[in-house]
Amino acid sequence: MAIREILIYPDDLLAQVAMPVADPASDEIKALVQDMADTMYNAPGVGLAAPQIGVSLRVAITDTDWRSGRYDEIDEDKKVAPERNLKVWINPEFLWHSDALQTFEEGCLSVPEIYEDIERPAAVRLRWYDLQGVQHEKDFEDFLAVALQHEFDHLDGKLFVDYLSPLKRKMIRKKLVKFYKK
Ligand code: NI
């Protein structure tokens, strides 16, 4: 159990395509997910992908129940929300995207204090593995569909700022280099 350092954009490791996990039920992946959860809840955030802590594997976690004002309830000493609903996604693969789009304001622990409206498919069908090595398939919509697309972009070396104009991206890069890369 450990809180790991979150890589900040721009960082070469955030731009790498991550490798598939060979054995989702292994102790190594359980330990990785535990570190990721500690890191995400501590930040706090609603999602984290392994490349964000410098591990180039196709693993992501989310807890979107933390959204909608739940931050108010976080105990400042412990930084732990009253209830956790951690979801683990290993080797996730989209089988389908809806033609319908939706726009949400997105942020990212690797792009601190930057929030931008991003348009993405409103619904997705996903196949993934859990920590027991069991494969699942399910449709998602609304905020979870956004969160999953955002997290799994990380596994392909892509960040939400990559959807913005080159000029806007350049300004964000400059700002983050100034404040976080001293
Ligand atoms: Ni992110």
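Select Y129 and then Q135, its bridge partner in β7. This is a predicted model, in which local features require pLDDT of at least 70 and side-chain atom pairs count only at pLDDT 80 or more, while totals for chains, interfaces and linings use all residues. Residues are numbered from 1 along each chain as its sequence is written, and side-chain values use heavy atoms, with hydrogens and water left out.

Strands are DSSP runs of E of at least two residues, helices are runs of H or I of at least four, and both are numbered from the N terminus; two strands pair if DSSP finds at least two bridges between them. β6 and β7 form a hairpin with 5 residues between them, and G133 in the turn has a positive phi of about 85°.

Next, display the whole open sheet, whose 5 strands follow the order β1-β2-β3-β6-β7 with antiparallel pairing. At its edges are β1 (47–49) and β7, each of which pairs on one side only. Within the sheet, 4 bridges join β2 to β3, and A60 stands opposite W89 in β3.

Now select α1, which lies across β1, β2 and β3 and runs at about 40° to β2. Here contact means heavy atoms within 4.5 Å; axes are lines fitted to C-alpha atoms, for helices over the stretch in contact, and angles run from 0 to 180 degrees between N-to-C directions.

Which residues have the most contacts inside the largest nonpolar core? They are I29, L32, M36, V59 and I61, in a core of 19 residues. Such a core is a set of buried Ala, Val, Leu, Ile, Met, Phe, Trp, Tyr and Cys residues joined through side-chain atoms within 4.5 Å; buried means under 20% relative accessible area (1.4 Å probe, protein chains only). The largest share, 7 residues, comes from α1. Select L32 to see that it touches A50, I53, V55, L57 and V59, not counting residues up to four places away in sequence.

Finally, select the nickel ion, coordinated by C108 (SG), H150 (NE2) and H154 (NE2) at 2.1 to 2.3 Å. Donors are N, O and S atoms within 2.8 Å of the metal (3.2 Å for Na, K and Ca); water is not among the atoms, so sites may look incomplete. H150 and H154 lie 4 residues apart in helix α2 (residues 142–155), and both are buried. C108 also belongs to a second, separate core of 13 residues.

Technical notes
Buried < 20%, exposed > 50% of the residue type's maximum accessible area, 1.4 Å probe, protein only.
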